[in-house]
Amino acid sequence: MNLKSANATLSDADRERILKRDNYQCRFCGSDKNLDIHHRDGKSYSKKGSDSNNEDHNLITLCHQCHLKLHAQQKKPSQEVAKRNENILKYYQKGMSYRAIGNMFHLSHTQVMNIIHDLKQEAV
Ligand SMILES: [Zn+2]
Ligand SMILES: [Zn+2]
């Protein structure tokens, strides 16, 4: 029995194919220990079970360390997004409506609402 892990949606054949393509090495640091297969589109956890994201171009061999680092990075908003969100909060505090802010940043007013909601929770 295989361990059901992050790559549960990936078949052994897919895994072997990608490992072979990448010479059984982490594509970031070259390590050949504790190798994982990473989905570039981040959808390996999708419950919908579509295999379409198991295409070669979407899969990359990473060692467990690099894999964890990558996922930790992906969870944080990029600097650009963080800066944008700061501005959104500023306009909100000046009394602009969600919709007006959304128009400025090309977001829906629901997206603006969610961003502000998250930011306010962080600030507390
Ligand atoms: Zn991954
Ligand atoms: Zn690595």
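A residue is called buried here if 20 or more other C-beta atoms lie within 10 Å of its own, exposed if 12 or fewer do, and partly exposed in between, with C-beta atoms placed from the backbone. Helices (H or I, at least four residues) and strands (E, at least two) are DSSP runs, numbered from the N terminus. This is a predicted model, in which local features need pLDDT of at least 70 and side-chain atom pairs count only at pLDDT 80 or more, while totals for chains, interfaces and linings use all residues. Residues are numbered from 1 along each chain as its sequence is written, and chains are lettered from A and ligands numbered from 1 in the order in which they are written.

**View 1. The whole chain, with its confidence.**
Welcome to the overview: the chain has five helices and two strands, which follow the pattern α-β-β-α-α-α-α along the sequence. Of the 124 residues in the chain, 17% are buried. Two residues are in contact if their C-beta atoms, placed from the backbone, lie within 7 Å. Among the contacts with a separation of 6 or more, 59% are between residues 24 or more positions apart. The predictor's confidence in each residue is its pLDDT, from 0 to 100. For this chain the mean pLDDT is 85, and 82% of the residues reach 70 or more. Please read residues 1-7 with care: the pLDDT there is below 50, and beyond near neighbours in sequence this stretch has six contacts in the model.

Strand E2 covers residues 59-63. Five of the five residues of E2 are buried, so this strand is largely enclosed by the rest of the structure. In a regular strand the side chains alternate between the two faces of the sheet. Here Leu59, Thr61 and Cys63 point one way from E2, Ile60 and Leu62 point the other way, and all are buried.

**View 2. The pairing of E1 with E2.**
Two strands pair if DSSP finds at least two bridges between them. E1 and E2 do this in the antiparallel sense, over five bridges. Which residue of E2 is the bridge partner of Leu35? That partner is Cys63. Further along, Asp36 stands opposite Leu62 in E2. Four of the five residues of E1 are buried, so E1 too is largely enclosed by the rest of the structure.

**View 3. The largest nonpolar core.**
A nonpolar core is a set of buried Ala, Val, Leu, Ile, Met, Phe, Trp, Tyr and Cys residues joined through C-beta atoms within 7 Å. The largest one has nine residues: Ile18, Cys26, Leu35, Ile37, Leu59, Ile60, Leu62, Cys63 and Cys66. Strand E1 (35-39) and strand E2 (59-63) are the elements that give two or more residues to this core, and E2 gives the most, with four. Apart from this core lies another, of five residues, among them Ile88, Tyr98, Ile101 and Ile115. In soluble globular proteins, nonpolar side chains tend to be buried together.

**View 4. The contacts of Leu62.**
Once neighbours within four places in sequence are set aside, Leu62 is in contact with Cys26, Arg27, Phe28, Asp36, His38, His67 and Leu70. Asp32 can also be placed relative to this residue: the C-alpha atoms of Asp32 and Leu62, 30 residues apart along the chain, are separated by 8.9 Å.

**View 5. The loop between H1 and E1.**
Asp32 lies in the loop between helix H1 (12-21) and E1. With 12 other C-beta atoms within 10 Å, Asp32 is exposed, and it touches Tyr24 and Gln25 when residues up to four places away in sequence are not counted. Asn23 is in this loop and has a positive phi of about 60° although it is not a glycine. Asn23 counts as exposed because it has 10 C-beta neighbours inside 10 Å. Asn34 also has its place in the loop between H1 and E1, and its phi is near 50°, a positive value in a residue other than glycine. Is Asn34 buried or exposed? Asn34 counts as exposed, with 12 C-beta neighbours inside 10 Å.

**View 6. Ile116 in helix H5.**
Our last stop is Ile116, which lies in helix H5 (residues 109-123). Ile116 is partly exposed, because 18 other C-beta atoms lie within 10 Å. Leaving out residues up to four places away in sequence, Ile116 touches Ile88, Leu89 and Tyr92.
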